[in-house]
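Please read it beside the sequence and the structure.

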Protein chains: 2
Amino acid sequence: MSDLKQERAVRTRNQILRAAAELFDEEGYEGASVTRIVKRAGVTLGAMYFHFASKQDLAREVMNAQPYVIEPLLRSTGLQRLVDITLVWAHRLQTDPLLRAGVRLAVEQGRFGMHDSASFEGWKDIMVGHLEVARAEGDLREDVSPEEVAQFVVGACTGVQLYSQLVSGRDDLMERTCTMWRLLLPGIVTPGALPAIVVDPGLVKDA
Amino acid sequence: MSDLKQERAVRTRNQILRAAAELFDEEGYEGASVTRIVKRAGVTLGAMYFHFASKQDLAREVMNAQPYVIEPLLRSTGLQRLVDITLVWAHRLQTDPLLRAGVRLAVEQGRFGMHDSASFEGWKDIMVGHLEVARAEGDLREDVSPEEVAQFVVGACTGVQLYSQLVSGRDDLMERTCTMWRLLLPGIVTPGALPAIVVDPGLVKDA
(Lines give C-alpha, C1' and ligand atoms only; values in the text may rest on other atoms or scores of the structure.)
Protein backbone atom coordinates (compact mmCIF):
# COMPACT_ATOMS: atom_id res chain seq x y z
CA MET A 1 0.00 0.00 0.00
CA SER A 2 1.20 3.53 -0.73
CA ASP A 3 1.68 5.85 2.24
CA LEU A 4 -1.39 7.80 1.21
CA LYS A 5 -3.54 4.68 1.00
CA GLN A 6 -2.22 3.45 4.31
CA GLU A 7 -2.97 6.78 5.94
CA ARG A 8 -6.50 6.71 4.57
CA ALA A 9 -6.97 3.16 5.86
CA VAL A 10 -5.89 4.19 9.37
CA ARG A 11 -8.26 7.16 9.23
CA THR A 12 -11.19 5.01 8.10
CA ARG A 13 -10.47 2.44 10.81
CA ASN A 14 -10.43 5.17 13.46
CA GLN A 15 -13.67 6.66 12.11
CA ILE A 16 -15.40 3.27 12.45
CA LEU A 17 -13.93 2.69 15.90
CA ARG A 18 -15.11 6.09 17.12
CA ALA A 19 -18.62 5.75 15.63
CA ALA A 20 -18.93 2.31 17.21
CA ALA A 21 -17.72 3.66 20.56
CA GLU A 22 -20.29 6.47 20.48
CA LEU A 23 -23.12 4.03 19.83
CA PHE A 24 -21.87 1.42 22.33
CA ASP A 25 -21.59 4.18 24.92
CA GLU A 26 -25.09 5.51 24.25
CA GLU A 27 -26.97 2.26 23.75
CA GLY A 28 -24.84 -0.66 24.88
CA TYR A 29 -23.67 -3.57 22.75
CA GLU A 30 -27.06 -4.87 21.60
CA GLY A 31 -28.46 -1.40 20.90
CA ALA A 32 -25.68 -0.54 18.45
CA SER A 33 -26.36 -2.29 15.12
CA VAL A 34 -23.64 -2.61 12.48
CA THR A 35 -25.91 -0.73 10.06
CA ARG A 36 -26.05 2.30 12.36
CA ILE A 37 -22.33 2.15 13.14
CA VAL A 38 -21.51 2.17 9.43
CA LYS A 39 -23.96 5.03 8.81
CA ARG A 40 -22.55 7.16 11.62
CA ALA A 41 -18.97 6.50 10.50
CA GLY A 42 -19.90 7.47 6.95
CA VAL A 43 -18.31 4.35 5.44
CA THR A 44 -19.56 1.35 3.49
CA LEU A 45 -20.40 -2.01 5.03
CA GLY A 46 -17.53 -3.41 2.95
CA ALA A 47 -15.07 -0.96 4.51
CA MET A 48 -16.28 -1.93 7.97
CA TYR A 49 -15.81 -5.67 7.32
CA PHE A 50 -12.42 -4.98 5.74
CA HIS A 51 -11.22 -3.55 9.06
CA PHE A 52 -13.22 -5.61 11.55
CA ALA A 53 -14.30 -9.24 11.33
CA SER A 54 -17.52 -8.79 13.29
CA LYS A 55 -19.37 -6.60 15.78
CA GLN A 56 -17.74 -8.60 18.59
CA ASP A 57 -14.34 -7.88 17.06
CA LEU A 58 -15.24 -4.19 16.99
CA ALA A 59 -16.33 -4.33 20.64
CA ARG A 60 -13.05 -6.02 21.56
CA GLU A 61 -11.03 -3.29 19.82
CA VAL A 62 -13.04 -0.56 21.58
CA MET A 63 -12.39 -2.22 24.96
CA ASN A 64 -8.69 -2.50 24.24
CA ALA A 65 -8.28 1.04 22.92
CA GLN A 66 -8.36 2.68 26.38
CA PRO A 67 -4.58 2.84 26.91
CA TYR A 68 -4.05 4.38 23.47
CA VAL A 69 -6.28 7.30 24.51
CA ILE A 70 -4.44 7.93 27.77
CA GLU A 71 -0.82 6.82 27.65
CA PRO A 72 0.31 9.32 24.96
CA LEU A 73 -0.94 12.20 27.14
CA LEU A 74 1.45 11.44 29.99
CA ARG A 75 5.14 12.04 30.66
CA SER A 76 5.53 11.01 34.32
CA THR A 77 7.21 7.74 35.30
CA GLY A 78 7.09 5.08 38.01
CA LEU A 79 4.41 5.29 40.68
CA GLN A 80 3.51 8.87 39.75
CA ARG A 81 2.57 7.55 36.30
CA LEU A 82 0.10 5.08 37.85
CA VAL A 83 -1.58 7.90 39.76
CA ASP A 84 -1.68 10.10 36.64
CA ILE A 85 -3.13 7.33 34.45
CA THR A 86 -6.05 6.85 36.82
CA LEU A 87 -6.72 10.58 37.26
CA VAL A 88 -6.69 11.26 33.51
CA TRP A 89 -8.89 8.19 33.03
CA ALA A 90 -11.34 9.47 35.69
CA HIS A 91 -11.36 12.92 34.09
CA ARG A 92 -11.79 11.81 30.48
CA LEU A 93 -14.40 9.18 31.33
CA GLN A 94 -16.77 12.14 31.70
CA THR A 95 -16.58 12.93 27.99
CA ASP A 96 -14.51 10.56 25.80
CA PRO A 97 -16.80 8.03 24.04
CA LEU A 98 -13.93 5.60 23.38
CA LEU A 99 -13.14 5.35 27.10
CA ARG A 100 -16.79 5.34 28.18
CA ALA A 101 -17.71 2.61 25.72
CA GLY A 102 -14.57 0.63 26.57
CA VAL A 103 -15.44 0.59 30.26
CA ARG A 104 -19.13 -0.12 29.65
CA LEU A 105 -18.37 -3.05 27.33
CA ALA A 106 -15.70 -4.46 29.66
CA VAL A 107 -18.21 -4.50 32.52
CA GLU A 108 -21.24 -5.72 30.56
CA GLN A 109 -19.56 -8.16 28.19
CA GLY A 110 -20.86 -11.25 30.02
CA ARG A 111 -24.35 -10.18 28.92
CA PHE A 112 -23.56 -10.57 25.24
CA GLY A 113 -21.48 -13.71 25.45
CA MET A 114 -17.97 -12.24 25.63
CA HIS A 115 -15.49 -13.11 28.35
CA ASP A 116 -12.47 -11.16 27.31
CA SER A 117 -10.06 -10.08 30.02
CA ALA A 118 -7.70 -8.40 27.53
CA SER A 119 -8.69 -4.82 28.44
CA PHE A 120 -8.07 -5.56 32.13
CA GLU A 121 -4.85 -7.43 31.39
CA GLY A 122 -3.71 -4.72 28.97
CA TRP A 123 -3.97 -2.02 31.63
CA LYS A 124 -2.43 -4.37 34.19
CA ASP A 125 0.62 -5.05 32.00
CA ILE A 126 1.14 -1.33 31.36
CA MET A 127 0.97 -0.64 35.09
CA VAL A 128 3.36 -3.49 35.89
CA GLY A 129 5.86 -1.82 33.56
CA HIS A 130 5.58 1.50 35.40
CA LEU A 131 5.75 -0.27 38.77
CA GLU A 132 8.94 -2.03 37.80
CA VAL A 133 10.45 1.40 37.25
CA ALA A 134 9.21 2.36 40.73
CA ARG A 135 10.76 -0.81 42.14
CA ALA A 136 14.10 -0.08 40.45
CA GLU A 137 14.02 3.42 41.94
CA GLY A 138 13.36 1.99 45.41
CA ASP A 139 9.91 3.60 45.66
CA LEU A 140 7.95 0.37 46.08
CA ARG A 141 7.65 -1.31 49.47
CA GLU A 142 9.65 -4.54 49.62
CA ASP A 143 6.65 -6.67 50.62
CA VAL A 144 4.52 -5.88 47.56
CA SER A 145 4.97 -6.95 43.94
CA PRO A 146 4.32 -4.86 40.80
CA GLU A 147 1.96 -7.61 39.59
CA GLU A 148 -0.32 -7.56 42.64
CA VAL A 149 -0.42 -3.77 42.90
CA ALA A 150 -1.28 -3.42 39.19
CA GLN A 151 -3.91 -6.14 39.41
CA PHE A 152 -5.55 -4.50 42.40
CA VAL A 153 -5.51 -0.97 40.98
CA VAL A 154 -7.15 -2.12 37.72
CA GLY A 155 -9.87 -4.01 39.61
CA ALA A 156 -10.41 -1.23 42.14
CA CYS A 157 -10.74 1.48 39.45
CA THR A 158 -13.30 -0.62 37.58
CA GLY A 159 -15.48 -0.98 40.67
CA VAL A 160 -15.01 2.57 41.91
CA GLN A 161 -16.21 4.00 38.58
CA LEU A 162 -19.20 1.62 38.57
CA TYR A 163 -20.24 2.75 42.05
CA SER A 164 -19.63 6.40 41.18
CA GLN A 165 -21.71 6.06 38.01
CA LEU A 166 -24.69 4.70 39.94
CA VAL A 167 -24.49 7.29 42.71
CA SER A 168 -23.55 10.44 40.79
CA GLY A 169 -23.32 9.68 37.05
CA ARG A 170 -19.53 9.75 37.63
CA ASP A 171 -19.59 13.35 38.95
CA ASP A 172 -17.63 12.27 42.03
CA LEU A 173 -15.33 9.82 40.23
CA MET A 174 -12.30 12.11 40.40
CA GLU A 175 -12.78 12.63 44.14
CA ARG A 176 -13.19 8.87 44.69
CA THR A 177 -10.07 8.15 42.66
CA CYS A 178 -8.06 10.60 44.76
CA THR A 179 -9.40 8.96 47.92
CA MET A 180 -8.30 5.58 46.57
CA TRP A 181 -4.72 6.78 46.29
CA ARG A 182 -4.74 8.44 49.71
CA LEU A 183 -5.84 5.13 51.26
CA LEU A 184 -3.62 2.95 49.12
CA LEU A 185 -0.29 4.75 48.85
CA PRO A 186 0.95 4.05 52.42
CA GLY A 187 0.66 0.31 51.74
CA ILE A 188 2.61 0.33 48.48
CA VAL A 189 5.11 3.21 48.61
CA THR A 190 8.21 3.39 50.81
CA PRO A 191 7.86 6.06 53.52
CA GLY A 192 10.72 8.02 51.91
CA ALA A 193 9.04 8.16 48.49
CA LEU A 194 5.53 8.91 49.76
CA PRO A 195 5.80 12.73 50.11
CA ALA A 196 6.93 13.10 46.49
CA ILE A 197 3.83 11.42 45.00
CA VAL A 198 1.29 14.05 43.94
CA VAL A 199 -2.42 13.25 43.77
CA ASP A 200 -3.78 16.43 42.21
CA PRO A 201 -6.74 16.53 39.78
CA GLY A 202 -5.67 20.05 38.76
CA LEU A 203 -2.52 18.69 37.15
CA VAL A 204 -4.34 16.38 34.75
CA LYS A 205 -7.27 18.62 33.77
CA ASP A 206 -5.58 19.67 30.53
CA ALA A 207 -4.28 16.22 29.66
CA MET B 1 -52.11 -12.86 60.13
CA SER B 2 -51.64 -15.82 62.45
CA ASP B 3 -48.08 -16.81 63.30
CA LEU B 4 -48.43 -19.91 61.13
CA LYS B 5 -49.67 -17.90 58.15
CA GLN B 6 -46.92 -15.34 58.63
CA GLU B 7 -44.29 -18.04 58.77
CA ARG B 8 -45.62 -19.58 55.57
CA ALA B 9 -45.60 -16.17 53.87
CA VAL B 10 -41.95 -15.63 54.81
CA ARG B 11 -41.11 -19.10 53.52
CA THR B 12 -42.91 -18.52 50.22
CA ARG B 13 -41.21 -15.15 49.78
CA ASN B 14 -37.80 -16.74 50.37
CA GLN B 15 -38.58 -19.57 47.93
CA ILE B 16 -39.40 -17.04 45.22
CA LEU B 17 -36.32 -14.94 46.00
CA ARG B 18 -34.05 -17.97 45.82
CA ALA B 19 -35.58 -19.31 42.57
CA ALA B 20 -35.25 -15.86 41.02
CA ALA B 21 -31.63 -15.61 42.21
CA GLU B 22 -30.78 -18.99 40.66
CA LEU B 23 -32.23 -17.97 37.31
CA PHE B 24 -30.73 -14.44 37.39
CA ASP B 25 -27.36 -16.00 38.21
CA GLU B 26 -27.56 -18.55 35.40
CA GLU B 27 -29.12 -16.43 32.67
CA GLY B 28 -29.03 -12.78 33.64
CA TYR B 29 -32.00 -10.47 34.08
CA GLU B 30 -33.53 -10.79 30.62
CA GLY B 31 -33.05 -14.56 30.45
CA ALA B 32 -35.07 -15.17 33.62
CA SER B 33 -38.78 -14.88 32.82
CA VAL B 34 -41.35 -14.51 35.59
CA THR B 35 -43.04 -17.70 34.33
CA ARG B 36 -39.86 -19.71 34.86
CA ILE B 37 -39.15 -18.10 38.24
CA VAL B 38 -42.63 -19.01 39.46
CA LYS B 39 -42.30 -22.55 38.10
CA ARG B 40 -38.93 -23.10 39.76
CA ALA B 41 -40.18 -21.68 43.07
CA GLY B 42 -43.22 -23.96 42.91
CA VAL B 43 -45.66 -21.13 43.62
CA THR B 44 -48.50 -19.49 41.72
CA LEU B 45 -48.18 -16.28 39.71
CA GLY B 46 -50.59 -14.74 42.22
CA ALA B 47 -48.28 -15.60 45.12
CA MET B 48 -45.35 -14.07 43.28
CA TYR B 49 -47.22 -10.80 42.63
CA PHE B 50 -48.45 -10.77 46.21
CA HIS B 51 -44.86 -10.62 47.43
CA PHE B 52 -43.18 -8.67 44.59
CA ALA B 53 -44.61 -5.88 42.47
CA SER B 54 -42.62 -6.75 39.33
CA LYS B 55 -39.56 -8.53 38.00
CA GLN B 56 -37.58 -5.32 38.58
CA ASP B 57 -38.76 -5.31 42.20
CA LEU B 58 -37.61 -8.93 42.50
CA ALA B 59 -34.22 -8.03 41.00
CA ARG B 60 -33.90 -5.14 43.46
CA GLU B 61 -34.61 -7.42 46.41
CA VAL B 62 -32.06 -9.99 45.19
CA MET B 63 -29.42 -7.24 44.87
CA ASN B 64 -30.17 -5.96 48.35
CA ALA B 65 -30.24 -9.40 50.01
CA GLN B 66 -26.44 -9.79 50.03
CA PRO B 67 -25.87 -8.51 53.59
CA TYR B 68 -28.59 -10.79 54.97
CA VAL B 69 -26.65 -13.79 53.66
CA ILE B 70 -23.35 -12.74 55.22
CA GLU B 71 -23.83 -10.56 58.30
CA PRO B 72 -25.53 -13.26 60.46
CA LEU B 73 -22.52 -15.56 59.92
CA LEU B 74 -20.07 -13.20 61.62
CA ARG B 75 -19.24 -12.28 65.20
CA SER B 76 -16.14 -10.10 64.84
CA THR B 77 -16.29 -6.32 65.27
CA GLY B 78 -14.63 -3.15 64.02
CA LEU B 79 -12.06 -3.40 61.26
CA GLN B 80 -11.74 -7.17 61.64
CA ARG B 81 -15.43 -7.40 60.74
CA LEU B 82 -14.80 -5.54 57.46
CA VAL B 83 -12.08 -8.01 56.54
CA ASP B 84 -14.27 -10.96 57.49
CA ILE B 85 -17.27 -9.67 55.50
CA THR B 86 -15.20 -9.47 52.33
CA LEU B 87 -13.54 -12.88 52.81
CA VAL B 88 -16.85 -14.66 53.48
CA TRP B 89 -18.32 -12.80 50.50
CA ALA B 90 -15.41 -13.92 48.28
CA HIS B 91 -15.76 -17.50 49.53
CA ARG B 92 -19.54 -17.79 49.19
CA LEU B 93 -19.62 -16.04 45.80
CA GLN B 94 -18.29 -19.35 44.46
CA THR B 95 -21.54 -21.15 45.32
CA ASP B 96 -24.37 -19.03 46.77
CA PRO B 97 -26.89 -18.10 44.03
CA LEU B 98 -28.32 -15.20 46.05
CA LEU B 99 -24.88 -13.55 46.28
CA ARG B 100 -23.88 -14.42 42.73
CA ALA B 101 -27.12 -13.06 41.28
CA GLY B 102 -26.96 -10.00 43.54
CA VAL B 103 -23.51 -9.09 42.27
CA ARG B 104 -24.34 -9.89 38.64
CA LEU B 105 -27.48 -7.75 38.70
CA ALA B 106 -25.76 -4.88 40.52
CA VAL B 107 -23.06 -4.78 37.82
CA GLU B 108 -25.34 -5.32 34.79
CA GLN B 109 -28.38 -3.32 35.89
CA GLY B 110 -27.69 -0.43 33.49
CA ARG B 111 -28.38 -2.89 30.66
CA PHE B 112 -31.99 -3.43 31.71
CA GLY B 113 -32.81 0.13 32.66
CA MET B 114 -32.15 0.04 36.40
CA HIS B 115 -29.86 2.49 38.15
CA ASP B 116 -30.18 1.43 41.74
CA SER B 117 -27.26 2.11 44.02
CA ALA B 118 -29.04 0.62 47.06
CA SER B 119 -26.99 -2.60 47.15
CA PHE B 120 -23.76 -0.57 47.07
CA GLU B 121 -25.07 1.93 49.62
CA GLY B 122 -26.44 -0.87 51.82
CA TRP B 123 -23.04 -2.52 52.10
CA LYS B 124 -21.40 0.88 52.52
CA ASP B 125 -23.68 1.82 55.43
CA ILE B 126 -23.05 -1.51 57.16
CA MET B 127 -19.29 -1.02 56.80
CA VAL B 128 -19.49 2.57 58.06
CA GLY B 129 -21.12 1.18 61.23
CA HIS B 130 -18.29 -1.28 61.78
CA LEU B 131 -15.69 1.39 60.99
CA GLU B 132 -17.19 3.73 63.56
CA VAL B 133 -16.56 1.01 66.13
CA ALA B 134 -12.97 0.82 64.86
CA ARG B 135 -12.69 4.61 65.16
CA ALA B 136 -14.03 4.55 68.73
CA GLU B 137 -11.47 1.87 69.58
CA GLY B 138 -8.68 4.02 68.13
CA ASP B 139 -7.91 1.50 65.35
CA LEU B 140 -8.60 3.85 62.44
CA ARG B 141 -5.96 6.31 61.24
CA GLU B 142 -6.88 9.89 62.09
CA ASP B 143 -6.64 11.09 58.49
CA VAL B 144 -9.28 8.71 57.06
CA SER B 145 -13.05 8.71 57.57
CA PRO B 146 -15.32 5.64 57.98
CA GLU B 147 -17.38 6.91 55.02
CA GLU B 148 -14.50 7.06 52.55
CA VAL B 149 -12.98 3.74 53.61
CA ALA B 150 -16.36 1.98 53.34
CA GLN B 151 -17.07 3.59 49.98
CA PHE B 152 -13.71 2.53 48.61
CA VAL B 153 -13.88 -1.05 49.92
CA VAL B 154 -17.34 -1.59 48.37
CA GLY B 155 -16.19 -0.23 45.02
CA ALA B 156 -12.89 -2.09 45.07
CA CYS B 157 -14.51 -5.44 45.93
CA THR B 158 -16.98 -5.01 43.06
CA GLY B 159 -14.21 -4.46 40.54
CA VAL B 160 -11.85 -7.07 41.96
CA GLN B 161 -14.53 -9.79 41.65
CA LEU B 162 -15.34 -8.67 38.08
CA TYR B 163 -11.68 -8.92 37.06
CA SER B 164 -11.28 -12.25 38.88
CA GLN B 165 -14.39 -13.62 37.18
CA LEU B 166 -13.03 -12.81 33.71
CA VAL B 167 -9.56 -14.17 34.40
CA SER B 168 -10.31 -17.26 36.49
CA GLY B 169 -14.08 -17.69 36.90
CA ARG B 170 -13.51 -16.29 40.42
CA ASP B 171 -11.08 -19.10 41.35
CA ASP B 172 -8.52 -16.52 42.50
CA LEU B 173 -11.02 -14.14 44.12
CA MET B 174 -10.09 -15.11 47.67
CA GLU B 175 -6.39 -14.57 46.95
CA ARG B 176 -7.12 -11.19 45.33
CA THR B 177 -9.27 -10.15 48.28
CA CYS B 178 -6.47 -11.00 50.71
CA THR B 179 -4.05 -8.99 48.56
CA MET B 180 -6.45 -6.04 48.69
CA TRP B 181 -6.28 -6.01 52.48
CA ARG B 182 -2.51 -6.42 52.60
CA LEU B 183 -2.15 -3.36 50.33
CA LEU B 184 -4.90 -1.35 52.00
CA LEU B 185 -4.54 -1.93 55.74
CA PRO B 186 -1.41 0.22 56.26
CA GLY B 187 -3.31 3.24 54.90
CA ILE B 188 -6.36 2.85 57.12
CA VAL B 189 -5.26 1.17 60.37
CA THR B 190 -3.12 2.73 63.10
CA PRO B 191 0.32 1.08 63.30
CA GLY B 192 -0.54 -0.20 66.77
CA ALA B 193 -3.72 -1.96 65.64
CA LEU B 194 -2.28 -3.40 62.42
CA PRO B 195 -0.67 -6.59 63.82
CA ALA B 196 -3.97 -7.69 65.42
CA ILE B 197 -5.94 -7.69 62.14
CA VAL B 198 -6.06 -11.22 60.69
CA VAL B 199 -6.52 -11.79 56.96
CA ASP B 200 -6.93 -15.56 56.85
CA PRO B 201 -9.18 -17.39 54.37
CA GLY B 202 -8.98 -20.48 56.59
CA LEU B 203 -10.95 -18.74 59.32
CA VAL B 204 -13.99 -18.04 57.15
CA LYS B 205 -14.16 -21.32 55.20
CA ASP B 206 -16.87 -22.70 57.48
CA ALA B 207 -18.83 -19.45 57.69
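1. UniProt positions are given here in the numbering used for this model, feature names are shortened, and annotations may be inferred rather than shown by experiment. With that in mind, the UniProt record, an unreviewed entry, lists residues 33-52 of chain A under "DNA-binding region". The unreviewed entry also carries the annotation "domain: HTH tetR-type", which covers residues 10-70 of chain A.

2. On conventions: this is a predicted model, in which local features need pLDDT of at least 70 and side-chain atom pairs count only at pLDDT 80 or more, while totals for chains, interfaces and linings use all residues. Residues are numbered from 1 along each chain as its sequence is written, chains are lettered from A and ligands numbered from 1 in the order in which they are written, and side-chain values use heavy atoms, with hydrogens and water left out.

3. Chain A contains 11 helices and 0 strands, where helices (H or I, at least four residues) and strands (E, at least two) are DSSP runs numbered from the N terminus. The radius of gyration of chain A is 18 Å, close to the 17 Å that the globule rule gives for 207 residues, so chain A is as compact as a globular protein of that length. That radius is taken over C-alpha atoms, and the rule is 2.2 Å times the number of residues to the power 0.38. Along the principal axes, the C-alpha atoms of chain A fill a box of roughly 55 × 45 × 30 Å.

4. The two annotated spans can be described in the model. Residues 10-70 of chain A are 85% helix and 0% strand, with end C-alpha atoms 19 Å apart. For residues 33-52 of chain A the figures are 75% helix and 0% strand, and the end C-alpha atoms lie 14 Å apart.

5. Of the 207 residues in chain A, 58% are buried; buried means under 20% relative accessible area, exposed over 50%, and partly exposed in between (1.4 Å probe, protein chains only). Among contacts in chain A with a separation of 6 or more, 66% join residues 24 or more positions apart, a contact being heavy atoms within 4.5 Å.

6. Chain A has 23 positive and 28 negative side chains, and the centres of the two sets lie 7 Å apart. Lys and Arg count as positive and Asp and Glu as negative, while His and the chain ends are not counted. Each charge is placed at NZ of Lys, CZ of Arg, CG of Asp or CD of Glu.

7. In chain B, B:Phe24 belongs to helix 1 (residues 3-31). Why does B:Phe24 count as buried? Its relative accessibility is 0%. Beyond neighbours within four places in sequence, B:Phe24 contacts residues including B:Ile37, B:Leu58, B:Val62 and B:Leu105.

8. Most residues other than glycine have a negative phi. A:Arg170, not a glycine, has a positive phi of about 75°. A:Arg170 sits in the loop between helix 9 (146-168) and helix 10 (173-188) of chain A and counts as buried at 5% relative accessibility. In chain B, phi of B:Arg170 is near 75°, a positive value, and B:Arg170 counts as buried at 5% relative accessibility.

9. A:Arg81 lies in helix 6 (residues 78-92) of chain A and, at 10% relative accessibility, counts as buried. Leaving out residues up to four places away in sequence, A:Arg81 touches A:Glu71, A:Leu74, A:Arg75, A:Ser76 and A:His130.
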